[in-house]
Amino acid sequence: DCVNCYRCVQVCPTGIDIRRGTQLECIACTACIDACDDVMTKTKRPTGLIRYTSETELKGKPWRRIRPRSIASTLLFAISLTGLISFAVLHQPLGVAMLRAKGAPYDVIQSEGHEDVIVNRFQIELSNQEERIREIEVSAVTDPANLPTPVKGATDPAPSGVTFVIAINPLQLQPGELRRVDMFVRAPRSVFHQGTSRYTVEIHDRSSGRRIQKEMTLVGPIF
């Protein structure tokens with residue numbers, strides 16, 4: 001049915017002759033298909049002389065709409081979409097990690113006439129993973145009702161006599177900022193049983209209202 005009008009060659013941006021078959025220069029713009037269909041319509045011939053097809057269809061065999069490749073592509077797309085949704089739902093805008101500072105595990109401050117004080121040093125690693133400023137407040141959870149006690153300085157002891165000391169509290173995190181905050185925990189010698197004592201720190205993200213609790217283990221002398 002080709003009338004040798006060369007319209008397919010004239011409209012091709014790369015100048016190839018599609019009648020010779022698909023070539024490396026073809027950019028799949030389908031301009032030749034539109035031009036050929038237009039000529040076929042004007043000459044009252046069937047359209048689709050240039051088209052996307054397969055060897056199976058050219059041989060007159062039925063075209064299978066569902067093929068293994070289609071099923072595999074659909075499954076891969078579903079898995080990718082599920083992962084993307086899970087990431088969006090489970091994404092944590094504030095990253096928190098409790099780290100023990102380097103050096104000696106604890107220090108002992110001797111007190112004349114009073115009980116010795118054991119000092120543990122920790123670092124709270126905070127990472128703001130959003131493009132907005134976040135205001136963070138650290139609290140100590142030490143009472144049986146799990147009610148947070150604000151940590152502002154050495155004058156705010158926990159009910160057990162444990163004192164949490166942070167230089168800046170609350171603090172602001174800039175967008176994308178990663179900061180490590182030093183926290184000193186002062187505890188009387190009597191709270192250590194078999195050399196350890198467990199406490200919980202709560203990080204309150206005032207920007208979103210989210211609260212994150214991290215457990216830490218104080219170490220001290222065995223008695």
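How many aromatic pairs does the structure hold? The structure holds 1 aromatic pair, described under point 4 below.

1. Basis of the note. This is a predicted model, in which local features need pLDDT of at least 70, side-chain atom pairs count only at pLDDT 80 or more, and totals for chains, interfaces and linings use all residues. Residues are numbered from 1 along each chain as its sequence is written, and side-chain values use heavy atoms, with hydrogens and water left out.

2. Helices (H or I, at least four residues) and strands (E, at least two) are DSSP runs, numbered from the N terminus. Asp38 is partly exposed, at 37% relative accessible area, whereas Lys42 is exposed, at 65%. In these terms, buried means under 20% relative accessible area, exposed over 50%, and partly exposed in between (1.4 Å probe, protein chains only).

3. Salt bridges between strands. Arg134 forms a salt bridge with Asp205, and the closest N and O atoms are 2.7 Å apart. Because Arg134 lies in strand β4 (residues 134-141) and Asp205 in strand β9 (residues 196-205), the pair ties together parts that are 71 residues apart in sequence. Arg134 is buried, with 1% relative accessibility, and Asp205 is buried as well, with 2%. The side chains of Glu215 and Arg198 also meet in a salt bridge, at 3.0 Å from N to O. That pair links distant parts of the chain, with Glu215 in strand β10 (residues 210-219) and Arg198 in strand β9, 17 residues apart. Both Glu215 and Arg198 are exposed. Salt bridges that share partners join Glu130, Arg132, Arg134 and Asp205 into one network.

4. Aromatic contacts. A pair of aromatic rings is described by the distance of the centres and the angle of the planes. Rings of Phe, Tyr and Trp (its six-membered ring) pair if their centres lie within 6.5 Å; planes under 30 degrees apart count as stacked, over 60 as edge-to-face and the rest as tilted. The structure holds 1 such pair. Phe164 and Tyr199 form this edge-to-face pair, at 6.3 Å centre to centre and 75° between the planes. Phe164 belongs to strand β6 (residues 163-166) and Tyr199 to strand β9, so the pair ties together parts that are 35 residues apart in sequence. Phe164 is buried at 1% relative accessibility, and Tyr199 is buried at 9%.

5. A charge over a ring. The charged end of Arg19 sits over the ring of Tyr6, 4.6 Å from the ring centre. The rule asks that NZ of Lys or CZ of Arg be within 6 Å of the ring centre and within 35 degrees of the ring normal.

6. The largest pocket. On a 1 Å grid over the protein atoms alone, a pocket is an open set of points where a 1.4 Å probe fits, with protein on both sides within 12 Å along at least five of seven lines; lining residues have an atom within 4 Å of a point. The largest pocket has a volume of about 500 Å³, where volume is the space filled by probe spheres set on the points, which are joined across faces, edges and corners. Its lining has 28 residues, of which Ile18, Cys32, Ile33, Ile50 and Arg51 lie nearest the centre. The elements giving two or more residues to this lining are α1 (7-11) and α2, and α2 gives the most, with 5 residues. By class, the lining of the largest pocket has 21 nonpolar, 4 polar and 3 charged residues. Here Ala, Val, Leu, Ile, Met, Phe, Trp, Tyr, Cys and Pro count as nonpolar, Asp, Glu, Lys and Arg as charged, and the others, Gly among them, as polar.

7. Backbone points. The peptide bond from Asn169 to Pro170 is cis, with omega near 5°, and Pro170 is found in the loop between β6 and β7 (171-173). Thr30 has a positive phi of about 65° although it is not a glycine; Thr30 is in the loop between α1 and α2.

Terms used
A salt bridge is a side-chain nitrogen of Lys or Arg within 4 Å of a carboxyl oxygen of Asp or Glu.
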